[in-house]
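Please look over the sequence and the model first, then take the topics in turn.

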Amino acid sequence: MADEKTAPLLTPTQDDDGAPFWAYAARGELRVQTCADPDCGEPRFPPRPCCPHCHSFDSTWQKTNGRGRIWSYVVPHPPLLPAYAAQAPYNAIIVELADAPRIRLVGNLVTSADAPLDSVAPDRIRIGARVQAVFTDVDGTTVPRWVLERP
């Protein structure tokens, strides 16, 4: 069993519906699944086969501008998993996308793409703060993280 310093961080479970999200993330693009029915066009997340609004099975992946605002956040005390103890206190934030306000993504607020999870002090996190998506590799998966637009 790995110790706290070598235990891996959590990585997302990837399925067929969400595979395009991760493929675009690997290219540095934040895209969301969007209904392709011309009478609907609603974005949806998490990805799924059928539009919950019109029930169409047609979809596309719409590029976003990667901007949003912090909708909510938590700073776990103590860390819930041993692999995260060395990076405590870290945060988990929920970001409401600026160009798709119904879409909220979970991630971490950091000072730069490859910065450690504890790189932003908890007292600097504010509901409503504007953020921008950045991308980093976590154990072979490119994940979005978030940086403040005004550090």
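Three aromatic pairs turn up when the whole structure is searched. One of them joins tyrosine 84 and tyrosine 90. The model is a predicted one.

**Aromatic rings**

- The pair of tyrosine 84 and tyrosine 90 is tilted, with 40° between the planes.
- Centre to centre, the rings of tyrosine 84 and tyrosine 90 are 5.2 Å apart.
- Tyrosine 84 and tyrosine 90 are both buried.
- One aromatic cluster is made up of Phe21, Trp22 and Phe45.

**Largest pocket**

- The volume of the largest pocket is about 770 Å³.
- Its lining has 27 residues, and Leu10, Pro12, Trp22, Val106 and Gly107 are the closest to the centre.
- Helix H1 (19-26), strand E6 (104-107) and strand E8 (141-148) each give the lining at least two residues.
- By class, the lining holds 20 nonpolar, five polar and two charged residues.

**Asparagine 91**

- Asparagine 91 sits in the loop between E4 and strand E5 (92-97).
- Its relative accessible area is 1%, so asparagine 91 is buried.
- A polar atom of the asparagine 91 side chain lies 2.8 Å from the backbone nitrogen of leucine 109.
- Beyond four places in sequence, asparagine 91 contacts Val74, Val75, Gly107, Asn108, Leu109, Leu117, Val120 and Ile125.
- Tyrosine 73 is 18 residues from asparagine 91 along the chain, yet their C-alpha atoms are separated by 6.9 Å.

**Threonine 64**

- Threonine 64 belongs to the loop between strand E3 (59-63) and strand E4 (67-74).
- Is threonine 64 buried or exposed? Threonine 64 counts as buried because its relative accessibility is 10%, and the cut-off for buried is under 20%.
- The side chain of threonine 64 has a polar atom 3.1 Å from the backbone nitrogen of glycine 66.
- Not counting residues up to four places away in sequence, threonine 64 touches Leu30, Arg31, Val32, Leu97 and Asp99.

Notes: Residues numbered from 1 in each chain as written. Predicted model: local features only at pLDDT ≥ 70, side-chain atom pairs only at ≥ 80, totals over all residues. Heavy atoms only, no water. Helix = DSSP H or I, 4+ residues; strand = E, 2+ residues; numbered from the N terminus. Buried < 20%, exposed > 50% of the residue type's maximum accessible area, 1.4 Å probe, protein only. Polar contact = N/O pair within 3.5 Å; in protein donor to acceptor, adjacent residues only side chain to side chain. Contact = heavy atoms within 4.5 Å. 1 Å grid on protein atoms, 1.4 Å probe; cavity = no way out; pocket = protein on both sides within 12 Å on 5 of 7 lines; lining within 4 Å. Points joined across faces, edges and corners; volume = space filled by probe spheres on them. Nonpolar A, V, L, I, M, F, W, Y, C, P; charged D, E, K, R; others polar. Phe/Tyr/Trp six-rings, centres within 6.5 Å; stacked < 30°, edge-to-face > 60°.
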